[in-house]
Amino acid sequence: VRDEIKANSYRMTKTRLEGHIYRYFAQTPLDCIDTDVMEGFVADLTEHKLSGSTIKGYLAVCLKLLRFMHRKKVIAQLPLLPAVKAQYKPRGAFTLTEYKAIVRCARDLEGEPYMAWGEGKKIWIKDMYQTMPKSMNWLIRFMVYTFIRPGDLRQLKHKHVEVVRGKFTY
């Protein structure tokens, strides 16, 4: 109503509610949800081989529900939620040598057509897009400097860009 939740966040919450949360809590009376029940829920999610960060996401949804039920006096007090450690999995990074090689290769391939489609393959990509664009070198640099991923790049809009002026402008 107040546009406080984005569509993707809503879909994720809905999916979690209608999935594991509903499945686990369907037979549990709401006023019986306590710390032991929540620990059982975490154990259940762990058995389903969900990652620590995903389990934390489920607990965040549960906490919102529990707070709502507490406010509406469905439950007398909020149960303690079990601590879940999320495994930190940093993304791979290029070494300086690898980065230089990628940028150099993109520069060297400017305008070169891609010909390795394979025998008998139908090429559905327009001819104009079958060559390395001149801007690819700059695009690679931009993505590295801004830590943006290729999938996020497609959705980048002017409103997402902010120029910060100070001792350094970036």
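This is a predicted model: local features need pLDDT of at least 70, side-chain atom pairs count only at pLDDT 80 or more; totals for chains, interfaces and linings use all residues.

Author: A charge sits over a ring if NZ of Lys or CZ of Arg is within 6 Å of the ring centre and within 35 degrees of the ring normal. R16 does that with Y58, lying over the ring face at 5.0 Å from the centre.

Numbering starts from 1 along each chain as its sequence is written, and side-chain values use heavy atoms, with hydrogens and water left out.

Now the ring pairs. Rings of Phe, Tyr and Trp (its six-membered ring) pair if their centres lie within 6.5 Å; planes under 30 degrees apart are stacked, over 60 edge-to-face, and the rest tilted. That rule gives 5 aromatic pairs. Take F25 and F41: the centres are 5.0 Å apart and the planes sit at 50°, so this pair is tilted. F25 belongs to helix α1 (residues 7–25) and F41 to helix α2 (residues 35–47), so the pair ties together parts 16 residues apart in sequence. Helices here are DSSP runs (H or I, at least four residues), numbered from the N terminus. F25 and F41 are both buried, where buried means under 20% relative accessible area, exposed over 50%, and partly exposed in between (1.4 Å probe, protein chains only). Ring pairs also link Y24, F25, F41 and Y58 into a cluster, and that Y58 is the ring R16 lies over.

Y99 and Y145 make another tilted pair, 6.5 Å centre to centre with 55° between the planes. Y99 counts as buried at 13% relative accessibility, whereas Y145 counts as exposed at 56%.

Those helices, α4 (residues 96–108) and α5 (residues 136–146), pack at about 155° with axes 8 Å apart. That makes α4 roughly antiparallel to α5, a label for angles over 145 degrees. In the contact (heavy atoms within 4.5 Å), Y99, I102, V103, A106 and R107 meet M136, N137, I140, R141, V144 and Y145. N137, buried at 5% relative accessibility, touches V103, A106, R107 and E110, leaving aside residues up to four places away in sequence.

Conventions: Axes are lines fitted to C-alpha atoms, for helices over the stretch in contact, and angles run from 0 to 180 degrees between N-to-C directions. Helices (H or I, at least four residues) and strands (E, at least two) are DSSP runs, numbered from the N terminus. Angles under 35 degrees count as roughly parallel, over 145 as roughly antiparallel, 65 to 115 as roughly perpendicular and the rest as oblique.
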